[in-house]
Amino acid sequence: MPNRNRIRATDWLIPVMAGSLAFALPAHAQSGPNTTSLQHTVVLSDLESPWDMAFLDDGTMFFTEKCKGLSVLMPSGDLNALLGMSESEGYASTADDLFCEGQAGMMGVAVDPDFAENRRIYVYSTSNMSDPHTNRLMRLVVNDDFSDVSDRTDIVDDVPYKMEASDHPFGGPGAHNGGRVRFDADGALWLTTGDNHNEEVPQSPTMMGSKVLRMDTDGNAHAENTPPEGFDPRTYTYGHRNVQGIAFHPETGTPITAEHGPWHSDEITVLQNGGNAGWDPRDNMAGRGDCPDGYCGYMPNQAEGMNRFERASFMPMTDFETYPDAMPPIWDNNGWSQGTSSAAFLEGEQWGDWDGTMAVGIMGIGFGGTPIGQRIDVIELSDDGMEVVDVTEMTLPMEAGRFRSLVLGPDGSLYAAVDEGTIHKLTPGG
């Protein structure tokens with residue numbers, strides 16, 4: 001979780017000036033109809049930084065807590081703690097190599113499409129098994145009564161981890177790990193990763209941070225990946241900053257990511273196989289000079305508020321001048337960075353006019369005059385899913401929070417995990 005203590009009180013007082021950006025997207029004023037009233041249920045509370053959820057068809061919900069571990073909530077209401085981090089207590093099993101620090105820890109979780117036959121789940125977590133430490137995607141087998149897991153296999157063990165602090169906002173160890181794990185409708189396994197505040201990672205062909213990986217359930221590259229020559233074949237796209245949201249268009253199956261911006265320009269991007277998202281924070285290139293510890297991601301002034309469009313011109317989230325063929329974002333949060341995190345498509349007649357729209361969770365970052373912006377946006381896409389038609393802020397039936405994860409449950413409700421420790425259930429109608 002970002003260290004908000006590093007944001008100075010005076011930063012909030014700096015006015016935001018009008019500006020322009022060469023590649024600014026059309027502003028979406030969140031003016032669309034808010035047609036659905038929502039019922040609200042607290043599913044779980046008093047959790048420690050819940051990070052992600054994954055469901056079976058009967059409503060069984062696996063969930064992760066960043067610094068505790070993996071648990072499962074049964075349809076009966078029973079709660080079983082399955083796999084704990086190194087210092088967690090009360091779990092059926094504990095993995096001594098798993099730990100949390102800064103933004104790192106136990107993150108994404110996904111259920112195998114063939115769970116009924118193989119009882120496999122997949123969990124992404126930070127591990128000290130190697131030095132330097134890495135983020136790993138683990139495959140686990142859930143026992144018959146959902147009381148424990150076994151047969152851990154690390155199918156990805158080489159996603160880089162930030163070992164030491166650097167001279168940057170939120171600059172402690174463990175920054176920018178990505179972390180979302182999802183299956184698409186064809187059974188391919190996807191993992192999103194982040195740049196670790198390492199300027200070399202985003203455009204590196206072999207370092208697996210700042211990538212979107214598409215694999216089989218053994219961690220092998222998908223046969224239809226087409227990364228550039230020399231890239232790790234697991235790479236579907238590269239050049240990302242820190243992707244924590246990925247969803248698949250319900251009609252076309254196209255992968256779409258939601259991503260944090262660097263003090264500006266959160267982005268939603270329709271992915272292209274082999275595409276470059278255009279994030280390259282190296283210093284002494286693209287008109288920039290030296291940057292703190294070689295990473296220009298928060299420059300030109302790192303921790304002082306300034307016009308977001310001027311900042312974007314200096315250190316673009318998608319650098320079209322250096323990479324003219326970069327994948328263009330279809331939404332940039334009107335130039336703001338507010339902690340865009342997760343994404344899920346709303347599907348089913350119960351959602352009315354929102355059936356087929358994409359819900360995006362925004363955690364909120366009040367920096368340098370930026371509106372904090374904790375909310376869920378409902379984004380209407382064009383029929384082909386390639387453009388944003390309208391954006392509506394969901395009217396919430398509960399207090400907003402840091403929306404870390406959104407998942408559509410098997411009952412058609414939207415489940416939302418907030419860092420403050422609650423998993424909410426939002427049901428249309430009522």
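Colleague: What makes β7, β8, β9 and β10 a sheet, and in which order do they lie?

Modeller: The order is β7-β8-β9-β10, with antiparallel pairing in an open sheet of four strands. A strand here is a DSSP run of E with at least two residues, numbered from the N terminus, and two strands pair if DSSP finds at least two bridges between them. β8 and β9 share eight bridges, and β9 and β10 share seven, so both pairs pass that cut-off of at least two.

Keep in mind that this is a predicted model, where local features need pLDDT of at least 70, side-chain atom pairs count only at pLDDT 80 or more, and totals for chains, interfaces and linings use all residues. Residues are numbered from 1 along each chain as its sequence is written, and side-chain values use heavy atoms, leaving out hydrogens and water.

Colleague: Why is the sheet called open, with β7 and β10 at the edges?

Modeller: β7 and β10 each have a single partner strand, so one side of each has no neighbour in the sheet. From one strand to the next, the twist averages 20°.

Colleague: What makes the group with F62, L70 and F146 a nonpolar core?

Modeller: A nonpolar core is a set of buried Ala, Val, Leu, Ile, Met, Phe, Trp, Tyr and Cys residues joined through side-chain atoms within 4.5 Å, and buried means under 20% relative accessible area with a 1.4 Å probe, protein chains only. The largest such core has 22 residues, and F62, L70, L83, F115, I121, V123 and F146 have the most contacts inside it. β4 (69-73), β5 (79-84), β7, β8 and β9 each supply at least two of its residues.

Colleague: How do you know that the space by R182 and F183 is a pocket?

Modeller: On a 1 Å grid over the protein atoms alone, a pocket is an open set of points where a 1.4 Å probe fits, with protein on both sides within 12 Å along at least five of seven lines; lining residues have an atom within 4 Å of a point. The largest pocket holds about 1,100 Å³ of space. R182, F183, D184, A185 and L408 are the closest to its centre among 42 lining residues. The lining divides into 28 nonpolar, five polar and nine charged residues.

Methods. Buried means under 20% relative accessible area, exposed over 50%, partly exposed in between (1.4 Å probe, protein chains only). Grid points are joined across faces, edges and corners, and a volume is the space filled by probe spheres set on the points. Ala, Val, Leu, Ile, Met, Phe, Trp, Tyr, Cys and Pro count as nonpolar, Asp, Glu, Lys and Arg as charged, and the others, Gly among them, as polar. Axes are lines fitted to C-alpha atoms, for helices over the stretch in contact, and angles run from 0 to 180 degrees between N-to-C directions.
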